[in-house]
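Let's take a walk through this model, one piece at a time. Keep the viewer open as you read.

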Amino acid sequence: MLFVRFTDVAKEAFPNYERLPYEEALLLSTQVHQEAQQVNERFASEFRIFDDADQLVYKGTFQFGDPTYPNLYLQLKERIPRIRIRKEDATKKILLLENLERLTPESYKTMTTVATQQHPDTTHVSRLRRGQRRLVYGVSSVSLLLLGALSIVQLTQPDSPNNVRATSSGDWQPLYEEALNGKTDSLMQRLEKQKSLSNEQQQFLVTQYVEKQDYDQAVAVTNDPIDVETIIMQSKPFATDRQETLQAFQAVHPTDEGAFDLAILEKDYTRAVSIPDVEMTTARKEAKTRAYIALKDVAKAQESVKMIQDEQLKQQVVTLVQLDEEIQALEDQKRQLSEKTDKKELDKLNESLAAKQRQVSSLL
């Protein structure tokens, strides 16, 4: 069994930050890929593959809308054999390829770019389930739990007759109401006994553990410190002390993603853009683009903004480019005037240059 977690598919209905069975991830990603191709749209998303022991076995990026690979399987089939690994890990690579081959339907193995205009069968995917799976970090975790209490309980409880009473909303509702009033212990204890948790429940527990500074327990909920770090960065409960909270968590469970986000919060943009191998979510891509703007790195800002959907940020980069061209033109004029020692004109140019520089600094 393999599971795939996409982190930054720029489509609202796609279940980002959730481990999906490989077959389902292949289907959903192919759908989004086809839709992007049809409207001539391109965007990238990082993904991770986990085995049934929940161990990370592969990390990569898929370019949605790009005709190079018709689907995720065909990209993996080509790229995995190229990976240089230690001899003792060779078996793992072979096993991964064998599992991909076994789990992938034949129709996906022979798919071509032209064939992607035809949608694969999607009847076995429950759209209700897709909607309920979505994890919205920006919403208060307790409120989200309460609003979705009935559907969440039904999804996470076993279907055996012995548990019918436990799945009723009346059994859980008082716990959610207590949590809304700040008394979260009972709900936490109940959730800690659950064998499986919804994304909303995971987010709630992570938030509670982080607030108690129990970082090991927070990571144990999702088995990935990057998930916890992302919740810290995007959840409202940490809005007032986000930087301090992230610093404390990063000290115990350091990640490249945490280092990047912390550098952004500290406005250490030079350090932020220099950190390699960061898993780029939409928020991090936008933050990196803003960092390049702050650093007045026109070329990097132009390259970075290509993967951004935010129109306001795109316009900021356009303005940066225009101002940079105007500044270069003024610098050229200034050099020519310096040779003629025309002090009056030189003063005017210096004023214009200073004004343009202020405009660049005020972009953010």
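Start at P21, which sits in strand β2 (residues 19-21); strands here are DSSP runs of E with at least two residues, helices are runs of H or I with at least four, and both are numbered from the N terminus. Before going on, a word on the ground rules: this is a predicted model, where local features need pLDDT of at least 70, side-chain atom pairs count only at pLDDT 80 or more, and totals for chains, interfaces and linings use all residues. Residues are numbered from 1 along each chain as its sequence is written, and side-chain values use heavy atoms, with hydrogens and water left out.

Is P21 buried or exposed, or something in between? P21 comes out as partly exposed, at 23% relative accessibility; buried means under 20% relative accessible area, exposed means over 50%, and partly exposed is in between (1.4 Å probe, protein chains only). Setting aside neighbours within four places in sequence, P21 is in contact with M1, L2 and F3, where contact means heavy atoms within 4.5 Å. P21 and V4 are 17 residues apart along the chain, and their C-alpha atoms are separated by 6.3 Å.

Next, look at helix α10 (residues 199-211) and helix α11 (residues 215-222), whose axes come within 8 Å and cross at roughly 170°. Axes are lines fitted to C-alpha atoms, for helices over the stretch in contact, and angles run from 0 to 180 degrees between N-to-C directions. α10 and α11 are therefore roughly antiparallel to each other, a label for angles over 145 degrees. The contact takes in Q202, L205, V206, Y209 and V210 from α10, and Y215, Q217, A218, V221 and T222 from α11.

Helix α12 (residues 225-234) and helix α13 (residues 242-252) pack at about 165°, with axes 9 Å apart. That makes this pair roughly antiparallel too, α12 against α13. On the α12 side the contact uses P225, V228, E229, I232, M233 and Q234, and on the α13 side R242, T245, L246 and F249.

Now for helix α16 (residues 282-294): at 1.5 Å a residue, its 13 residues should span 18 Å, and its end C-alpha atoms are 18 Å apart, which agrees. The expected span is 1.5 Å times one less than the number of residues. Among the buried residues of α16 are A287, A291, Y292 and I293. K296, which follows α16, has a positive phi, near 60°.

Finish at D347 in helix α19 (residues 343-361). D347 is partly exposed, with a relative accessible area of 34%.

Note on methods: Angles under 35 degrees count as roughly parallel, over 145 as roughly antiparallel, 65 to 115 as roughly perpendicular and the rest as oblique.
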